[in-house]
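Me: I have a structure open and have not looked at it before. Can you walk me through it?

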Amino acid sequence: MRLLGAVVSVTAIVAVTSAHIGSPDAWYEGAVGPYHAIVQVATPGVVPGVATVYVRLRDAKGVPATGVDVTIQANRYDALATSPPPEIAAPVATEPGLYSGQLWVMAGGSNGVTVNAHGGLGDGRAVIPVVVVANRRLDLDPRLGAALTAVGLFLFIGLVTIVGAAVRESSLPPGSVPDARQRWKARTAMAVCTAIVALALFGGSRWWNAEDRNFRSSIY
Amino acid sequence: MTASVADRPVVAERARFGAWAIPGPLYAVVLASTCIVVGLIWDVSWHRTVGRDTFWTLAHVLEQLAAVIAGLTCGYLVLKSTFAGTPDERATSVRFWHFFYGPLGAWVCIWGTLMMITSAPLDNWWHNAYGLDVKIISPPHMVLAWGMIAIQIGAMLMALSAQNRAPAEDQRLYSMMHAYAAAILVTMVATVIQEDASVGNHMHGSKFYQITAWVIPLFLIGLSRASRLRWPATTITAIYSAITLAMSWILQLFPATPKLAPIYNAVTHMVPPAFPLLIIVPAVAVDLLMRKFGPGRDWKLAAVIGVTWVTVMVAVHWFWADFLLSPAARNFFIGADQWSYTDRLGDWRYRFWTLDVDATGKWNPLAFAKGIVIAMLLGVVSSRISLALGSAMAKVKR
């Protein structure tokens, strides 16, 4: 009975106190000029990748600020040359005061996302520090994998067939029919081609796995 | 000579337009090949200058258009030959799966088109899984590259089969078309290896000579063997040089700025490809050797070509590299010292990379010589394979 009570108590503690720690997103709440802003930067899971930026603007009274020109840009702390032109964060139709845009993040590590606002209340700017690292590995969708495998098999068979046709008939004068020797040479060529392509696919598979291993070792 | 699908349109069109008339499908696949190589060089420049990656950049559209042109043209040829082919059209076709008929080159083009189409979803997934790759050589890019190469080979095979069936007065025309398609293929291959073998900085390391000794003769020697031109390797490499220079000069005329951060190098115009490799010089030697040896002595010929190729490449590029790294090369015509917007500029631009060094990090002539011997061996093997393939291509009539 006492053991049961202990198990129930521990389970309840775990259930009540569990929390998600360490979201990869960056959040900012503060001023962007005369606007009160809440900014979420949903970082890409891979680098280079596309980050999605959500900017919610309100005025001093808490009313959603609409009709504001909001632009966003990302840059690394050590960028030495000019900045690229900013991207537009478009208003979200169903949510007044919410603006959204996408940014390519090309380099991992310490980046900054700059939010610019230009509207009736005035102009403002905020720079949000964002750390971008690879943090997830995407599995190959089984349907895509099946489709690629099927197409790959078709291409494999097609290539071997082309080699066979080339050896069997391509050098024959127009209208001639291949003899037994040509057909035998073609079958040999097809067998050799099969072996070479199989070896190439094996090599390609090892290459893919090596790239995957390298990536997994870099995931945060 | 029996009339054939390649001859009849030529004969009929010659009656209307004169001797310089070419079958429509051949025009179409050569146009597709041109679009591929222009799109490829443009795409690399786009990624180095603008950086914006959406599937629908103009360069990508051009490459996909090439696949569509090649695929539709050759698909039409195959379907027509199979379901509505004249006896002549079937006579100049190869059979596929016992039912379908079509020119060999058309089948290769169709295969290439399917490879290019397949690479798109694979590349898209790869970017989502591992990040946008900022390098040329990745598994999905190799699927795409082989698709593009297949379309080039298909175009060449169609030109070769026309050359090998044409009357003597028309052969030169088809030989030039083959040389043009071959040059596009060599240009593509040079683009694929550019990360390790393109700029002057590479040219004092044996790795440059190993890569160029393996990759370029693998295509060039065989393509030359199949041609009936008097100077096939020279012609092919001259066209390759012209294509690369034209793209370099045209791209530099267009203002462009990066649209992705971080920008470490504030470029203002499209970054051009590197000056073409001076492979026209060893190509002249190749032509002379092939003429001297003739057919039937391919092992010896391959050995001599392999050694000669590397020797001439070193002799030319070693000193050419010094010029490319000098201020005299930093102009519109040579296009040296132009880097991607992501490159952090520094003294490394004027130093030689991947040198053959000893344990202390100093350049070691013995290590370089060892690397050059390996390059020669690679050149010999590559040339022998290519000669065998070229001999087969020289006989293609369908």
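## Two chains, one chat

Reply: For 398 residues, a compact globule would have a radius of gyration near 21 Å, and chain B agrees with that at 22 Å. Note that this is a predicted model.

Me: What share of chain B is buried?

Reply: Buried residues make up 60% of the 398 residues in chain B. The accessible surface of chain B is about 16,100 Å², and 70% of that belongs to carbon and sulfur atoms.

Me: Which residues have the most contacts inside the largest nonpolar core?

Reply: Those are L26(B), Y209(B) and W309(B), in a core of 110 residues. Leaving aside neighbours within four places in sequence, W309(B) is in contact with residues including T212(B), A213(B), I216(B) and P217(B). Its other contacts include I279(B), P282(B) and V286(B).

Me: Where is the second core, and how many residues does it have?

Reply: The second, separate core has 26 residues, among them L57(A), V70(A), V113(A) and V132(A).

Me: On to chain A, then. What are its elements?

Reply: Chain A comes to three helices and eight strands. From the N terminus the order is α-β-β-β-β-β-β-β-β-α-α.

Me: Is chain A compact or spread out?

Reply: Chain A has a radius of gyration of 30 Å, while the globule rule gives 17 Å for 220 residues, so chain A is more spread out than a compact globule. Its C-alpha atoms fill a box of roughly 90 × 65 × 40 Å along the principal axes.

Me: How much of chain A is buried?

Reply: Of its 220 residues, 35% count as buried. Chain A exposes about 12,800 Å², with carbon and sulfur atoms supplying 64% of that.

Me: What about contacts between residues 24 or more positions apart in chain A?

Reply: Among contacts in chain A with a separation of 6 or more, such pairs account for 56%. In chain B the corresponding figure is 75%.

Me: What is phi of W97(B)?

Reply: Near 55 degrees, a positive value in a residue other than glycine. W97(B) is in the loop between β1 (94-96) and β2 (100-102) of chain B. H98(B) lies in the loop between β1 and β2 too, and has a positive phi of about 65 degrees although it is not a glycine.

Me: Is H98(B) buried or exposed?

Reply: H98(B) counts as exposed, at 70% relative accessibility. W97(B) is partly exposed, with a relative accessible area of 39%.

Conventions
Residues numbered from 1 in each chain as written. Chains lettered and ligands numbered in written order. Predicted model: local features only at pLDDT ≥ 70, side-chain atom pairs only at ≥ 80, totals over all residues. Heavy atoms only, no water. Rg over C-alpha atoms; globule rule 2.2 N^0.38 Å. Buried < 20%, exposed > 50% of the residue type's maximum accessible area, 1.4 Å probe, protein only. Contact = heavy atoms within 4.5 Å. Areas by Shrake-Rupley, 256 points an atom, 1.4 Å probe, with all protein chains shown as cover. Core = buried A, V, L, I, M, F, W, Y, C linked by side-chain atoms within 4.5 Å. Helix = DSSP H or I, 4+ residues; strand = E, 2+ residues; numbered from the N terminus.
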